[in-house]
Amino acid sequence: MTAAGAWLRRVLGGAPALRPPGALPEPAFAARCLRCGRCAEVCTFHAIAPAARGLDAGTPEIVARRSPCWLCLRCPPVCPTGALEPVSAIREVRMGRAVLIAERCYAHQGVMCRTCLDACPLQGEAIAQDAELRPVVSDRCVGCGLCEHRCPAPDPAIVVDARRPS
């Protein structure tokens with residue numbers, strides 16, 4: 001992506017899209033992605049869909065609340081340009097990082113809830129519980145969004161921030 005394109009993305013911006021596993025950093029990803037849809041075609045769980053907005057239109061994104069990444073890792077090998085680099089293990093994925101919003105979290109309100117912890121494929125590593133049984137996100141979070149997807153709160157108490165890869 002050109003410097004002008006990067007500037008325009010920041011100005012028009014909003015939150016960056018959550019990209020599939022193996023995605024290059026955003027400027028390099030945007031410059032290489034052909035919007036071919038191959039990654040979405042091989043996604044068994046239909047987590048990857050083409051973005052419908054602005055400069056990202058047509059690029060693959062994951063909306064975790066709707067359909068998270070199940071870390072099958074089928075998408076990087078089919079990318080013809082290398083916008084998605086191969087990933088050999090789920091612990092190496094760096095899509096983003098979950099961020100806890102305590103005022104929405106049932107466990108922070110005194111209600112016993114371990115939904116995000118139970119949903120996490122790296123249980124006890126990426127999300128653990130503190131002494132008061134509240135969730136704590138570590139730097140081992142891979143950003144798959146399974147926790148956000150499963151959160152029972154009407155507005156999710158845990159969300160993936162694509163700007164904060166581990």
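**Salt bridges, step by step**

Asp 118 has a relative accessible area of 38%, making it partly exposed (buried is under 20%, exposed over 50%, partly exposed in between; 1.4 Å probe, protein chains only). This is a predicted model, where local features need pLDDT of at least 70, side-chain atom pairs count only at pLDDT 80 or more, and totals for chains, interfaces and linings use all residues. Residues are numbered from 1 along each chain as its sequence is written, and side-chain values use heavy atoms, with hydrogens and water left out.

**Exercise 1.** Find the salt-bridge partner of Asp 118 and say how exposed that partner is.

*Solution.* Start at Asp 118: a salt bridge joins it to Arg 114, with 2.8 Å between the closest N and O atoms (the cut-off is a side-chain nitrogen of Lys or Arg within 4 Å of a carboxyl oxygen of Asp or Glu). Then check Arg 114: at 33% relative accessible area, it's partly exposed.

**Exercise 2.** Look at Glu 132 and Arg 134, and sort each by its accessibility.

*Solution.* First, the pair: these two form a salt bridge, their closest N and O atoms lying 3.3 Å apart. Next, Glu 132 comes out at 57%, so call it exposed. Last, Arg 134 has 23% and goes down as partly exposed.
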